[in-house]
Amino acid sequence: AFMHYHCFQRRNALLFSESCREAESPVDKKPPSGVRSRGSASFSSTHADASSLWNTMKSTFLVITLTGWASASNFDKPHAHKGKLVPFQPGDPKVKLDGKAKNILRSGKPYQTQVQTSDGAGGRGLVVQDVDAPTSIVWERILDYDNYANMVPKTAESKNYKIVPHKPTKANNFLEKEIYTRMKVGFPMLKLEFFVRHFLYLQHHNSLTWTLDYSKESDFDDSMGYWYIVPHPDDPDEKTRLFYSVGVSMFDWVPKFVVDFMSSKALTDATAWVKKYSEIEYQKELAAGGGRKKTSDGQQMGSPMFGIFGNKKKKEEEERLLREAAEKQAVEESQKRRRLMSIRAGWKRYLLVSLVLALTAYNAALFLTDVSQDKSV
């Protein structure tokens with residue numbers, strides 16, 4: 001449909017440009033002797049009105065098209081593939097920080113470097129950031145997916161729709177939990193929805209990795225990423241050193257500025273928001289009561305790490321209830337989304353038909369103007 005309309009649009013643009021050349025090029029096409037030429041003022045007015053109409057129609061079509069693209073995701077339909085990018089493995093990225101890198105980190109800025117992919121076939125950008133807050137608070141910010149819209153730049157919506165707990169064993173590489181999250185990032189006139197499957201390896205690997213949830217259709221072609229969070233070597237009780245990397249593959253129809261943001265600026269933006277909100281939260285706790293107490297095994301109370309080793313039955317029951325609530329909400333959102341898509345489809349058809357009729361009327365007006373002016377002369 002887009003290609004058909006594009007051809008139609010080009011045809012009208014060519015017709016319009018031809019009419020302009022006929023009216024504005026008296027040297028190329030002189031009128032016969034005794035016949036006066038068309039009035040330039042009259043044509044300029046027609047030209048201005050037509051240009052205004054054309055710009056309005058182009059803007060309208062752009063909004064319609066981008067809205068259609070933003071609705072391409074589908075909770076009930078699987079993705080086109082099961083993964084193109086090589087996913088991250090949990091654990092220490094083994095990044096060596098020289099004196100220059102440490103000076104950058106001490107200044108509060110992120111340090112960017114490169115790491116090899118797990119298959120050794122290429123490199124990926126990785127950001128290191130020091131945070132003036134304990135690791136427990138940093139983990140709380142990262143795992144607070146339901147609150148991402150209030151913290152993460154460009155994030156319009158974020159909501160967990162399934163949580164699957166696991167018993168960490170050597171066979172599953174000490175995986176503790178899978179967290180499935182629906183996210184939507186917003187740009188001017190464009191929103192992209194995607195579904196993420198997170199893998200939490202907190203206890204054994206200090207890591208969180210993710211890929212797309214390939215059982216859902218996302219507006220990203222592919223995506224994967226990695227967090228590695230450890231206590232700071234100089235101040236393990238009150239500071240954190242985090243490592244972050246992300247890989248994104250976008251469809252051809254996504255605008256270049258979106259691709260640039262997701263592939264480059266997202267690296268430093270991600271560590272910046274974690275640093276900002278972790279430090280704000282820690283300062284609040286210090287002001288309220290002096291920080292967090294530790295248990296006998298060295299874990300900080302009030303953190304996700306402490307909760308993992310708490311009452312197992314209570315934790316499993318809470319996760320079961322949360323999972324049921326998330327699944328129920330996902331079903332309700334899916335039904336609501338289908339209704340909205342049906343309404344949007346009707347409006348899009350109406351607007352496209354109106355657009356075609358407007359173009360037809362515009363062409364007819366040009367033709368009738370030419371005929372009437374030819375008769376008058």
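Me: What makes the largest nonpolar core a core, and which residues have the most contacts inside it?

Reply: This is a predicted model, and in it that core has 42 residues. I142, Y148, L192, L208 and W227 are the ones with the most contacts inside.

Me: What does L192 touch, leaving out residues up to four places away in sequence?

Reply: Quite a list: M183, K184, V185, D219, F220, M250, W253, V254 and V258. A contact here means heavy atoms within 4.5 Å.

Me: What is in the second, separate core?

Reply: That one has 14 residues, including A101, Y111, Y226 and Y228.

Me: Why is Y228 called buried?

Reply: Buried means under 20% relative accessible area. Y228 is at 10%, so it counts as buried. F243 is buried too, with a relative accessible area of 6%.

Me: How do you know that Y228 and F243 are an aromatic pair, and why is the pair called tilted?

Reply: Ring centres have to lie within 6.5 Å, and the centres of these two are 5.6 Å apart. Planes under 30 degrees apart would count as stacked and over 60 as edge-to-face. The planes of Y228 and F243 are at 50°, so the pair is tilted.

Me: What does that pair tie together?

Reply: Y228 lies in strand β7 (residues 222-231) and F243 in strand β8 (residues 240-249), so the pair ties together parts that are 15 residues apart in sequence. The two residues are also bridge partners, and β7 and β8 pair in the antiparallel sense over 10 bridges.

Me: Which other strand pairs with β8, and over how many bridges?

Reply: Strand β2 (residues 123-131) pairs with β8 in the antiparallel sense, over five bridges. In β8, R241 is the bridge partner of D130.

Me: How many aromatic pairs turn up in the whole structure?

Reply: The search finds 12. Take Y145 and Y148: their ring centres are 5.0 Å apart and their planes are at 50°, so that pair is tilted. Y145 and Y148 are both buried.

Me: Which residues form an aromatic cluster?

Reply: F75, Y161, Y180 and F195 form one.

Me: What makes K216 and K162 count as charges over rings, and which rings are they?

Reply: For Lys, NZ has to be within 6 Å of the ring centre and within 35 degrees of the ring normal. The charged end of K216 sits over the ring of F75, 3.8 Å from its centre. For K162, the charged end sits over the ring of Y180, 4.4 Å from the centre.

Me: And what about the overall fold: how many helices and strands does the protein have?

Reply: It has eight helices and eight strands. Among contacts between residues at least 6 apart in sequence, 63% join residues at least 24 apart. The protein exposes about 21100 Å², with carbon and sulfur atoms supplying 56% of it.

Conventions: Residues numbered from 1 in each chain as written. Predicted model: local features only at pLDDT ≥ 70, side-chain atom pairs only at ≥ 80, totals over all residues. Heavy atoms only, no water. Phe/Tyr/Trp six-rings, centres within 6.5 Å; stacked < 30°, edge-to-face > 60°. Buried < 20%, exposed > 50% of the residue type's maximum accessible area, 1.4 Å probe, protein only. Helix = DSSP H or I, 4+ residues; strand = E, 2+ residues; numbered from the N terminus. Areas by Shrake-Rupley, 256 points an atom, 1.4 Å probe, with all protein chains shown as cover. Pairing = 2+ DSSP bridges. Core = buried A, V, L, I, M, F, W, Y, C linked by side-chain atoms within 4.5 Å.
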